[in-house]
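Please read the following briefing alongside the sequence and the coordinates. The points are grouped by topic, and each cut-off is given where its term first comes up.

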Amino acid sequence: MSDVYILGVDMIKFGRFPETSVPKLGATAALMALDDAGLNIKDMEALYCGNLGQAGAMVGQRVLAEIGQTGIPVVNCANACATGATAFREGWMAIKAGVYDVVLAVGVEQMGKGLLGGGGPKKGIPTEGLLGSGTMPCVFAEAGMEHSRKYGTSFEQFAKVSVKNHHHSTLNPKAMYQIETPLDTVMNAEMISYPNTKLMCSVNVDGSAAAVLISERKLKEIGSKRAVKVRASILTSDPYQERNLTMPDVNTCTQQAAAKAYEMAGVGPEDIDLVELHDCFATAEILHYGNLGLGKPEDAGRMIDEGETAHGGRIPVNVSGGLLSKGHPLGATGIANIYEVSTHLRGEAGKRQVEGATFGLTHVIGLGSACGIHILEKV
Amino acid sequence: MSEPSGSNSASALLPVVPFLKIPETGDPYLEGHKCQDCGAVFIGERDNCSSCASRDHLKPVRLSNDGELYVFSIVHRSFPGIEVPYVSAVVDLEGGGTVKGNLINVEPDPEKIKMGMPVEVVYQTAPRKDAEGNEYLTYYFQPRG
Ligand SMILES: [Zn+2]
């Protein structure tokens, strides 16, 4: 089976673009990735398009209508917040299988403002606020409280994740926000769902990201010094856990995906130089330190206290600013974090460059649940 | 034909969720389905077991009203029209079954709520009606003992 490389990858600066359309947003990132690869839409053999909000509306084909209807096969993917990673992985698999040599993967989302989750039933009375809460800030607050229950993790430690990621984003021009948020600002922000304050919730933004994937054979033919090797691509769903019909489990599927990804890549967590993980809420980042093997689960609070996951620390996490500050356009997130890691592996991350980065890991979770992990290597 | 026993005039009320059962006689209760092969307990009806994948071996069981608070969050922002703050709780019931609901009769203060504390299920008329004006019976958790 062919090794697979990323030849081109890019993302738009995340923000709010209510005046544009989903296909136009996707088309912008697609053209940026094609330019980065030095190729044309006519060179692409297939398109894998990730979008959640218009999952039934043939977004991939409408992207092609914006940039060139070449008649190639289009696969539209929806997999909650793992949508972009799933689209990327579908492209990876097609090249791995030897079906195509060059494909395009696009992730795109146009979001409204406000709370996600907790929608009421069609019949009867709404149960939100009666039978607990299904809002995302609450679901991830409860997931964080499970970590507190087991390991004593504190509100302050969760809040420090947000301080760190907002700090990181001050060096990322493509992040939605570039603002410092000191600890007292984070902890005293409006409480949304304890222990998640407003500054500990990811930002709903519009965004898009895209990547051109290429086979080893075709890469040699074209020649490029900036290609990034895909060492592992893994997708899992959540296995049965006694509570997971009541309380979504983002841990087990991440642990299983991480184990498989390290095995496929032939490297361990100690070899990874930077991680972009799914900090949809500050509480979530803490869970994934242990889930991804970056440290022991019980050490997660200490890791954030001692700056181990900050830029310059032992294992920098979310140097892009993460979903908390870069923003979280659901279907685009999984390719945007591949862009971030690739940019460091190429040595092109400017002021936020993680020096000497050789291996990087990307992680997303779609609640319900889907976990996508990619391990990338500098060539 | 029979009058309901217990404190609620429950038979006039509709259940807030299908797994809240309102028998013609006797007290309301939460119903689970238990796999006869692996023992997994599910909330709500189902045909097959998602734990061991066995088919048609699930039997309805009456879930306990006693349980333990597993985790909680204090919700300060919800959808328009929903009164806040309230405590969203995940409770492990004795004998199996994990259920989510509001924890009442506690201060919405993280210092006052202890994970692991004993709680019980109580049944009350919901403070909301549907579009046709029907009333519903709902359940809550409250500290026990
Ligand atoms: Zn079973």
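A residue is called buried at under 20% relative accessible area, exposed at over 50%, and partly exposed in between, with a 1.4 Å probe and protein chains only. On that scale B:Cys52 is partly exposed, because its relative accessibility is 35%. This is a predicted model, in which local features need pLDDT of at least 70 and side-chain atom pairs count only at pLDDT 80 or more, whereas totals for chains, interfaces and linings use all residues. Residues are numbered from 1 along each chain as its sequence is written, chains are lettered from A and ligands numbered from 1 in the order in which they are written, and side-chain values use heavy atoms, with hydrogens and water left out.

**The zinc site in chain B**

- The zinc ion has as its protein donors the SG atoms of B:Cys35, B:Cys38, B:Cys49 and B:Cys52, lying 2.3 Å from the ion; donors are N, O and S atoms within 2.8 Å of the metal (3.2 Å for Na, K and Ca), and water is not among the atoms, so sites may look incomplete.
- The site of the zinc ion is tetrahedral, with angles of 105 to 113° among its four donor atoms; four donors count as tetrahedral if all angles lie between 85 and 135 degrees.
- For reference, the ideal angle for four tetrahedral donors is 109.5 degrees.
- Along the chain, the donors of the zinc ion are spaced as C-x2-C-x10-C-x2-C.
- B:Cys38 is partly exposed, since its relative accessible area is 34%.

**Chain B as a whole, and B:Glu120**

- Chain B has zero helices and 10 strands, and its C-alpha trace spans about 40 × 40 × 30 Å along its principal axes.
- Of the 145 residues in chain B, 44% are buried.
- Among the contacts in chain B with a separation of 6 or more, 47% come from residues 24 or more positions apart, a contact being heavy atoms within 4.5 Å.
- B:Glu120 lies in strand β9 (residues 118-129) of chain B and is partly exposed, with a relative accessible area of 25%.
- Not counting residues up to four places away in sequence, B:Glu120 touches B:Asn65, B:Asp66, B:Tyr140, B:Phe141, B:Gln142, B:Pro143 and B:Arg144.
- The C-alpha atoms of B:Glu120 and B:Tyr140 are separated by 8.2 Å, while the two residues are 20 apart along the chain.

**The sheet in chain A**

- Nine strands of chain A form an open sheet of mixed pairing, in the order β3-β2-β4-β7-β1-β8-β11-β10-β9; two strands pair if DSSP finds at least two bridges between them.
- The edge strands of this sheet are β3 (74-77) and β9 (274-276) of chain A, each of which pairs on one side only.
- Strand β9(A) runs parallel to strand β10 (residues 359-366) of chain A, joined by three bridges, and A:Glu276 has A:Thr362 as its bridge partner in β10(A).
- Strand β4(A) is largely enclosed by the rest of the structure, because eight of its eight residues are buried.
- A:Val102, A:Leu104, A:Val106 and A:Val108 point one way from β4(A), whereas A:Val103, A:Ala105, A:Gly107 and A:Glu109 point the other way, and all are buried.
- On pairing, β4(A) is parallel to strand β2 (residues 47-50) of chain A over four bridges and antiparallel to β7(A) over eight bridges.
- A:Leu47 has A:Leu104 as its bridge partner in β4(A), and A:Ala105 has A:Ala211 as its bridge partner in β7(A).

**Cysteines without disulfides**

- Over all chains the count of disulfides is zero, a disulfide being a pair of cysteine sulfur atoms within 2.5 Å.
- The sulfur of A:Cys49 is too far for a bond, because the closest cysteine sulfur, in A:Cys77, is 7.9 Å away; A:Cys49 is buried at 1% relative accessibility.
- A:Cys253 is in no disulfide either, and the nearest cysteine sulfur, that of A:Cys371, is 5.1 Å away; A:Cys253 is buried at 0% relative accessibility.

Key
Helices (H or I, at least four residues) and strands (E, at least two) are DSSP runs, numbered from the N terminus. Four donors count as tetrahedral if all angles lie between 85 and 135 degrees; four count as square planar and six as octahedral if opposite donors are over 155 degrees apart and all others between 65 and 115; anything else is irregular.
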